[in-house]
Amino acid sequence: MQRSPRHAIRLAALFTAFSACPAPVLAQSAPPTPADGQLQQEIASRDAAIRDLLKRVEALEQKLNAANATAATSPTAASAAPAMAAAPAEADAGAEAQAGGESSDRALEWALIREGGLLLAPWSLELEPGLSYTYRSTGTLFLAPDGTLIEAQNVLKRETLSSGLTTRLGLPWDTQLDLQFPYVIDDNRTVSFGPVQQKESESGLGDISIGLTKQLIRQKGWRPNLLASVLWKTTTGESALGPSPQSLSFVSLGSGFHAVQGALTAVKPQDPLVFFGTLSYTANLSDTKAGAEIDPGDAVGLKAGTILAANPDTSLRFALSLARIGETKRNGGTIPGSDYVSGLVELGISSVLSPKTLLDISAGIGLTNSSPDFVLSASLPVRLF
């Protein structure tokens, strides 16, 4: 049975009063003595103390009843105590957020920003130097009928080392500006029908691109975060013309064609995972090359993946990228076989080195003949402010 606070107060008062005085000695038939008179005085003193304590208990009960009646009729007073109890917790949470950086899952936030699924705070600036190595090999080897001679047939081995700087600037109204400045080192080696081998190597500035991202919808219930982006790729990198990756037996630092890309990115967190997906369409603009009007095929891309917050400072991600590139046209006529599909599986890890620095490492494996064999990348985003 649960007892009320006022009942506990009464019991405590009585216990205190009884324990303060010695227990009485019951006289049976013995005549009164001076000691008996002293004992009677002590009992009377104890009774007086008990009456005084009971008066105090009654006064406390009256105050308690008055306070309960006020709380029942005043919602503000009723909620004051919980608010005062929650205030220290909120203050501690705010101090922890300032001391720990942007959030409790910093690595997850950084990874989402890199994937285009999250925006920087207004006027926050981030610089991301990066390095990427891509290897591509196509063609076959031919064994002569006598079994003594091996000849290469249209073998292309291409190694591309790309470095660059990506700049991200958070803007008001849930927008973000992105600038990419790539630097490319392209090494190409081609063998055609026998010992004939051609080597080419070139390095220089790649195609600079500028993009703008806007958050359209914020997550609520089943609805995911939705962001839209538009990107323009320039032609600052030198290029060589080729309808498809299989025919690129020469170096190229850029595509040679302006391109405009629109994309929609959806993000849905399900702790400890965050799922993301991006659907994009790239329009490659036509241009005149070597006296011919060249119209590269447009591309439809899809990227889907998930990010796991292993702990606040480390995240793991898995993603699948697919792109369908249409046929290239020359002077209005389609070049047969110039369309292709590219697919890449990506595995990556991100680790926070400091509140303003992240290390990201990823590896990609090609899924089709038109895809790179593998890609290795490393980047070091730095949050300036």
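# Rings, burial and backbone in a predicted model

Ring pairs link Tyr-133, Tyr-135 and Phe-374 into a cluster. The model is predicted.

User: How many aromatic pairs are there by this rule?

Analyst: The count comes to 2 aromatic pairs. In one of them, Tyr-133 and Phe-374 lie 6.1 Å centre to centre, with 45 degrees between the planes.

User: Is Tyr-133 buried, exposed or partly exposed, and how do you know?

Analyst: Its relative accessibility is 24%. Buried means under 20% and exposed means over 50%. The value for Tyr-133 falls in between, so this residue counts as partly exposed. Phe-374 has a relative accessible area of 33%, so it is partly exposed by that rule too.

User: Why is the pair of Tyr-135 and Phe-374 called stacked?

Analyst: The ring centres are 5.8 Å apart and the planes stand at 25 degrees. Planes under 30 degrees apart count as stacked, so the pair of Tyr-135 and Phe-374 is stacked. This pair also links distant parts of the chain: Tyr-135 sits in strand E1, Phe-374 in strand E17, 239 residues apart.

User: What makes you say that the charged end of Arg-383 sits over the ring of Trp-110?

Analyst: The charged end of Arg-383 is 4.2 Å from the centre of that ring. The distance limit is 6 Å, and there is an angle limit to the ring normal as well. The charged end of Arg-383 is listed as sitting over the ring of Trp-110. Lys-289 does likewise, with its charged end over the ring of Phe-257, 5.2 Å from the centre.

User: Why is Ser-362 called buried?

Analyst: Its relative accessible area is 11%. Buried means under 20%, so Ser-362 qualifies. Ser-362 belongs to strand E16 (residues 357-366). Beyond neighbours within four places in sequence, its contacts include Arg-317, Glu-346, Val-375 and Ser-377.

User: What makes the phi of Trp-173 stand out?

Analyst: Most residues other than glycine have a negative phi. Trp-173 is not a glycine, yet its phi is positive, about 60 degrees. Trp-173 lies in the loop between strand E2 (150-171) and strand E3 (175-191). At 72% relative accessibility it is over the 50% limit, so Trp-173 counts as exposed.

User: What is the phi of Asp-174, and where is this residue?

Analyst: Asp-174 is not a glycine either, and has a positive phi of about 55 degrees. Its place is in the loop between E2 and E3. Its relative accessibility is 33%, between the two limits, so Asp-174 counts as partly exposed.

User: How do you know that the peptide bond from Asp-271 to Pro-272 is cis?

Analyst: Its omega is near 5 degrees, and the bond is cis. Most peptide bonds are trans. Pro-272 is found in the loop between strand E7 (259-270) and strand E8 (273-284).

User: What does the protein look like in overall numbers?

Analyst: The protein has 4 helices and 18 strands. Of its 385 residues, 31% count as buried. Among contacts between residues at least 6 apart in sequence, 59% join residues at least 24 apart.

User: Where is the pLDDT below 50, and what is its mean?

Analyst: The mean pLDDT is 77, and 70% of the residues reach 70 or more. Over residues 74-103 the pLDDT is below 50, and this stretch has 8 contacts beyond near neighbours in sequence. Residues 242-250 also stay under 50, with 27 contacts beyond four places in sequence.

Note on methods. Residues are numbered from 1 along each chain as its sequence is written. This is a predicted model: local features need pLDDT of at least 70, side-chain atom pairs count only at pLDDT 80 or more; totals for chains, interfaces and linings use all residues. Side-chain values use heavy atoms; hydrogens and water are left out. Helices (H or I, at least four residues) and strands (E, at least two) are DSSP runs, numbered from the N terminus. Buried means under 20% relative accessible area, exposed over 50%, partly exposed in between (1.4 Å probe, protein chains only). Contact means heavy atoms within 4.5 Å. Rings of Phe, Tyr and Trp (its six-membered ring) pair if their centres lie within 6.5 Å; planes under 30 degrees apart count as stacked, over 60 as edge-to-face and the rest as tilted. A charge sits over a ring if NZ of Lys or CZ of Arg is within 6 Å of the ring centre and within 35 degrees of the ring normal. pLDDT is the predictor's confidence in each residue, from 0 to 100.
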